[in-house]
Amino acid sequence: MLLSVENLGVKIGAVQPLEGIGFALDRGEILGLVGESGSGKSLTALACMGLLGLIGGQRLGTVAFDGVVQDEAGLARLRGRKIALITQNPMTALDPVQRVGEQIAVVARLHLGTTPAAARARTLDLMTQLRIPEAAAVADSYPHQLSGGMKQRIVIAMALAGEPELIIADEPTTALDVTVQAQIVQILGQLVRQRGLGLVLITHDMGVVAQVCDRVAVLYAGRLAETREVGDLFSAPRHPYSAALIACIPREGMAPGSLTGIPGAVPSVALYPPGCRFHPRCPRADALCATTPPPQGAFACHHPLEVPHG
Amino acid sequence: MLDYLVRRVLLLLPVFLAVSVVIFLILHLIPGDPIDNLLKVGSGPEARAKIAAKYGLDQPLPVQYGIWLWGVLQGDLGTSIITRRPVAVMIGQVIGPSLALGGMALAISSLGGIVLGAVAASFRDRWPDQLIMGGVLLGSTLPSFWLGLLLILGFSVELGWFPVSGARGWASLVLPVATIAFGGIALVTRVTRVAMIEAASRDFVLLLHAKGLPPRRIRLAHVLRHALMPVVTILALRIGWVLGGAVTVEYVFARPGLGSLLIKSLSQHDYPVVQACLLMLAIAVMLGTLLGDITQALMDPRVRSALR
Ligand SMILES: Nc1ncnc2c1ncn2[C@@H]1O[C@H](COP(=O)(O)OP(=O)(O)O)[C@@H](O)[C@H]1O
Ligand SMILES: [Mg+2]
């Protein structure tokens, strides 16, 4: 396994916004990490990168890369080299006072030990592969001179520059135009197939998940709700939350953003309810759900949906 | 960029003219007549008219302004009404000590403040930060006259290391510079620390860490560089202030300086001298903002693009 995460949790001061997360990912695979805003997707990403220190958080549980369990120092050595991160907002992801080509090249110089000239050549090569027209001119631009989609390609090039084996992409398309979104998702999918990378694709867009992911982990309020092969999840969701998310995929004739079936919002850390955290919003909840956390497994639910026959 | 420089400097001309009008007008519209200081007790209206004519004070205001400005542009700042010496000479005598004091203090404040602010931000909420911020609190609350007197007592009277007063030689600069720089370092430290903490929380810094750059390099090459932008703005604004605002320190150390000259000539209603002092300060402020703007443009490509 390229990445395997067991019982992963996050503590920030006195609160524990994330707990009991586990999933595994192999080369050439795309794992979707889905859930509404505030369900703990970004914290999971930071924890896997060993970056919780930046927000004053502490990691619980284990993260193993290529079969080797890593402590924070180990993850620090892998960052940028074996594990790369793509963040949500390309508008703020680049240093505004540095030319974008240099921001890509520095990764190659740092991790591959290439000469500045070779790093520059590699930068232009990567940019061309990501279908950036006039790569040399773009490389000499500053971030504010580029469009959002172009900036996200730069961020992706930055992630690829150290020849990583695993990419964690935290909502890489949320901040972009719909047309650009599709291109970026396509680019990421191609990278995985062509280079045999592992990709953790964080999104709250079930449509994207259906399109490119192999497996899906559904998060709700800092816990795993369901982990399934993508086909199984869409044909037979077992957790009511997964079912509701699937029902939310915008189809023609639906108002965008309307969440049929899930009124309410994800509670914040301080307001996590006892028992199953989804029970206040769940149509199937009963007294048991309000008091007892559901058993862990492929789906964490006391009253899972039935598997349809045929 | 060169284009911008030329335009930015040309833009200073109308500003300079406006400032000169204001300086000229303020002094002629505030109450108090300098002729009163010159007249012997009991002299008649003829004597008054004669003196007014001698200094051009009987002309209409616009004419007076024109004469004054024409002189200023040729380096003739007029003649002091009280001392009857050329104002340019009086300014020339104080501008050197003022520049030395202000320049040294500003340089030390910048350097010390940026280093201390960066250290404090790196050790946020741990003992080095608390120690530095304790010093900052002291530096921003201690009145400079009191600090000056303390330094004189300690280093001049007790230890005899530096002269008590005067403006002769480098040794006489040490204590006044220290007095001003203490407050300056406190200000710059505070601004640098806050700016660094703010910059460190930006999104792109997270990604720099994700790229695997060494934390020290991120702090110095990226976070500090961004934090310096607000610091540069503050420092540029301080250039004018440091030149004229050192009055108390000049007084405590009995140093000649622009600030002291301004205060003294104000109390004597010595128009030409006051005007010249104010003009010097205005020029210092204008050059300060010019320097600040140019530095900003050099540091930030977004500023440069906005200029096109
Ligand atoms: N720095 C932090 N301090 C305290 N709580 C946090 C912090 N960051 C995130 N959280 C909490 O953790 C939960 C999950 O956040 P996040 O991982 O950002 O969700 P997502 O990325 O799925 O939208 C939220 O309830 C949020 O309030
Ligand atoms: Mg998020």
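Buried area is the accessible area, taken with a 1.4 Å probe, that two parts lose on being put together, summed over both. I start there since the first topic is an interface. This is a predicted model, in which local features need pLDDT of at least 70 and side-chain atom pairs count only at pLDDT 80 or more, while totals for chains, interfaces and linings use all residues. Residues are numbered from 1 along each chain as its sequence is written, chains are lettered from A and ligands numbered from 1 in the order in which they are written, and side-chain values use heavy atoms, with hydrogens and water left out.

First, the two chains. Chain B and chain A bury about 2,000 Å² between them, and carbon and sulfur atoms carry 66% of that. On the chain B side, B:L206, B:L207 and B:K211 supply 31% of the area buried against chain A, more than any other three residues. In terms of contact, meaning heavy atoms within 4.5 Å, 21 residues of chain B meet 28 residues of chain A.

What about charge? A salt bridge here is a side-chain nitrogen of Lys or Arg within 4 Å of a carboxyl oxygen of Asp or Glu. Across the interface of chain B and chain A there are 0 of them.

Which elements of chain B touch chain A? Those giving two or more residues are α9 (203-210), α10 (215-244) and α14 (301-307) of chain B. Of the elements of chain B, α9(B) gives the most to that side, with 6 residues. Helices (H or I, at least four residues) and strands (E, at least two) are DSSP runs, numbered from the N terminus.

Next, chain A by itself. Its domain assignment, automatic or from a database, gives domain 1 (1-82 + 165-242) and domain 2 (95-163). Their C-alpha centres lie 25 Å apart. The area buried between domain 1 and domain 2 of chain A is about 1,300 Å², with 55% from carbon and sulfur atoms. In domain 1 of chain A, A:R81, A:I187 and A:R195 lose the most area to domain 2, together 38% of what that side buries. Between these two domains of chain A the counts are 0 salt bridges and 4 residue pairs in polar contact. Helix α8 (residues 178-195) of chain A gives the largest share of the domain 1 side, 9 residues.

One joins the side chains of A:E165 and A:R27, at 2.5 Å, N to O. These two residues are 138 apart, with A:E165 in the loop between α7 (148-160) and β7 (166-170) of chain A and A:R27 in the loop between β2 (15-25) and β3 (30-34) of chain A.

Last, a helix in chain B. Helix α5 of chain B has 36 residues (87-122), so at 1.5 Å a residue it should span 52 Å, and its end C-alpha atoms are 50 Å apart, which agrees. The expected span is 1.5 Å times one less than the number of residues. B:L99 is in this helix, and touches B:M104 and B:L243, leaving out residues up to four places away in sequence.

Terms used
A polar contact is a pair of N or O atoms within 3.5 Å; within protein, one must be able to donate a hydrogen and the other to accept it, and residues adjacent in sequence count only if both atoms are side-chain atoms.
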